[in-house]
Amino acid sequence: MKNISRRQFLTYVGAVGGTSALLKTSIAMGLMKEDPFKGPVKVTPAPIKNKPSVLILGSGIAGLATAFELEQAGYDCTILEASFRAGGRNLTVRNGDKIDEMGHTQICNFDKQDNLFFNCGPARIPGHHKRTLHYCKALNVPLQIKANSSKMAYFQDDKFLGGKPKRIIEYHTDARGLMSELLWKSADSNTFNQMLNAEDVEKLMDFSKAFGDLTENGKYIGSERAGSITDRMLDYPQPHAPMELKALLDSRFWYGGLLGAELYDWCEPLMEPIGGMDAVVKGFLRHLKKPPVLNAQVKKIFNKANGVEVTYEQGGEFHTVTADYCFNNIPAYFMAGIENNFSSTYQAGLNSVKRGHLFKIAYQMKSRFWEDDGIYGGISYSADAISQIWYPSHDINAQKGILLGAYTWDPKHSAMFESLTPLERLKVGAMSGEKIHPGYSKYIENGISIPWARMNHQMGCGMRMNKDDFKTYFHLLQKPEGRHFMIGDQISHHSGWQEGALASSEQALGQFNHLVATNRT
Amino acid sequence: MWLKVILSVGMLMSAANMALANEAHTPQGLEYCTVCHGSQLKGNQNIGAPRLTSLPAWYLSRQLNNFQQGVRGSHPKDTTGGEMMSMVSTFSDEQIAEIVSWIVSTESTKPAVSLSADAHKGEQLYKTCAACHGVNAQGNEAMGAPNISGLNDWYILTQLNHFRDGIRGGDAEDIYGQQMKAASAIVTTKEEAESLAVYITQLK
Ligand SMILES: Cc1cc2nc3c(=O)[nH]c(=O)nc-3n(C[C@H](O)[C@H](O)[C@H](O)COP(=O)(O)OP(=O)(O)OC[C@H]3O[C@@H](n4cnc5c(N)ncnc54)[C@H](O)[C@@H]3O)c2cc1C
């Protein structure tokens, strides 16, 4: 291609062939990465006469999506769900809803208002979760932006600055300033002379100055980027005094929340369904021909020569049903307690899936005091067991709000909360909240807690396999055993995200197409 | 409404609502027991929930009462015991009686050995245990010692270690637990505990 730049060429192709030509050419030229997700699997259509039947065990996101795709292709699907409700870990609670914790049934006492709800499980969707976003669109689930980070929120650690909460913007600005100062110093002391020529070193020093807001001679003395200790509108701005490098290094924020908003799955803007994440579940239920059979706990799964036989118990009665195929969305670690005739290797694979321990608290707050403090969404990070406080970014300026008062991943912290009664958990959470927002407790009207490792029919979230098991079993579990397919985020590299659950369903339906093709020949 | 759903399932999928001979139905309201302990309470190691079939009624009610009163399960290191404790704390005496008669009526296969350990070594150690639990681990109510031959070896191992470490049997009100705590002193190593567990589980 002579005398014409690549960009000009693309403009030219675009004008001639329209945007799709432009897109294809961009991909061919290596300018854009091809996204592997091209919409759901096209399921081999069912024969019109004698529709094959499919049993789907569990109505988690993977089960619902699998049933939806199969129904669209003409299969006769029945979902058996052990719980009194559909959706699995996708659970949003409102006034009067039951939280089915083993040994501690809780009823949500939030006021009866549309804006007062809590996403007990999934709460956010990043822009690259194509499958989740595809279904939101296809099922008419309206989304809004969810602020997943707020630089006005806090970081608090008893061992840092005497326990005084620090605004994240201040921490970020100081961390950048202090690191830039070190960079400036090492550039000045010829450290990079091997790698960079004199001109580059000059640029590096300019970069560090700009990056950290340093003085002319490379000092960080605080920055207006983090606001001012005076009234910025009427007075000269005066930056707050920077924290000490030693204090920064001793604080626990930099290996926790500091990079929170920079992870790929948390990269902004994130989204949430308006009115609660369970809008996704409701979307599926609206589009399914047959609603899930609830309170139907599967007790036996047997592969037969040409199908699968499943026994479930409902209201103290056993029911045995057979179908041509079966997709199993039940948490894999339950399978050892469910009679089956799987091969011992397949069962060993199922046993290798371990329970995870996630825990959340939510409080109904009498007033949205955080908004008076300049926080409209996002997350404060605590070095206490509660780990995080989330502020709602929906319904700004409403009277009340639901605040996430704890979100723990550390199994030790989760185990501590799990062993407490719901009331004790709320008290522990309130004590940590006080440290960030003095007076926190007096705003609390009521609250709930959700220990996922203690929830009925779930007993865990964030299933995981160790590295060796993953190597041995993951691919095995992705394939059907007889006519039985495992699905769920547990059969993905991305457990703990609905995208993983949907990817597992897509993968299994791809395998299903193969199996149907072989059965027909 | 559910009836309708069931009927439609039945019609479309040629379901046979077979009454399964011998199988115990789960009493209503107690479905959650089978979530962890499994179908017919056959046990599930992934959850740390033992097989309950084959445990005698008198022992079951004693343990359920112990859990209910925090005599068992309140030690901070007893995670699964703590889980049972919060579960049982909500039960009434009638419910406990109902659970016991249901457990006794369940039918599940005796678990196979899952640990790899030297059963011969276990046989030697078991001679002391046999005084109360019987030669075939069939139990002896008069001694307050339950049938333990139908328990999973991994569960026997956990409990043995709990007794040895004072995680179980430390409560003054747990009279039989205290006895077991003292008796568990015959086991001095991890390997011995494993071989004992394996020996008991492979007994007929
Ligand atoms: C605290 C938390 C935060 C999360 N945050 C996010 C987030 O921000 N964004 C995001 O996309 N994802 C998030 N996730 C992950 C998301 O919730 C899961 O990936 C997804 O919901 C899992 O769906 P699944 O299909 O794997 O099945 P599950 O939801 O695990 O469903 C399994 C189903 O099987 C049923 N079942 C169990 N036993 C039986 C039986 N014997 N018979 C019949 N049915 C049975 C259960 O009742 C349940 O309905 C979060 C999860 C948690 C817990």
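This is a predicted model: local features need pLDDT of at least 70, side-chain atom pairs count only at pLDDT 80 or more; totals for chains, interfaces and linings use all residues.
Chain A contains 14 helices and 22 strands. The C-alpha trace spans about 80 × 75 × 45 Å along its principal axes. Of the 521 residues in chain A, 55% are buried. Contacts in chain A were counted between residues at least 6 apart in sequence, and 70% of these join residues at least 24 apart. The accessible surface of the chain comes to about 23500 Å². Carbon and sulfur atoms account for 56% of that surface.

The ligand is surrounded by 37 residues. The closest are A:Ala62, A:Glu81, A:Arg89, A:Gln458 and A:Asp489. Sorted by class, the shell around the ligand has 18 nonpolar residues, 14 polar residues and five charged residues. At least two shell residues come from each of three elements of chain A, namely helix H2 (61-72), strand S12 (297-304) and helix H14 (498-520). The ligand lies between domain 2 (53-87 + 280-353 + 464-520) and domain 3 (92-153 + 357-454) of chain A, because both domains give residues to the shell around the ligand.

A polar backbone atom of A:Ala123 is 3.0 Å from a ligand oxygen atom. For A:Trp497, a backbone N or O atom lies 3.1 Å from an oxygen atom of the ligand, and for A:Ile61 the corresponding distance is 3.3 Å. On its own the ligand has 1000 Å² of accessible area, and the protein covers 98% of this area.

Definitions and conventions:
Residues are numbered from 1 along each chain as its sequence is written. Chains are lettered from A and ligands numbered from 1 in the order in which they are written. Side-chain values use heavy atoms; hydrogens and water are left out. A residue is near a molecule or strand if one of its heavy atoms lies within 4 Å of it. A polar contact is a pair of N or O atoms within 3.5 Å; within protein, one must be able to donate a hydrogen and the other to accept it, and residues adjacent in sequence count only if both atoms are side-chain atoms. Accessible areas come from the Shrake-Rupley method with a 1.4 Å probe; for residues, only the protein chains shown count as cover. Helices (H or I, at least four residues) and strands (E, at least two) are DSSP runs, numbered from the N terminus. Ala, Val, Leu, Ile, Met, Phe, Trp, Tyr, Cys and Pro count as nonpolar, Asp, Glu, Lys and Arg as charged, and the others, Gly among them, as polar. Domain bounds come from an automatic or database domain assignment. Buried means under 20% relative accessible area, exposed over 50%, partly exposed in between (1.4 Å probe, protein chains only). Contact means heavy atoms within 4.5 Å.
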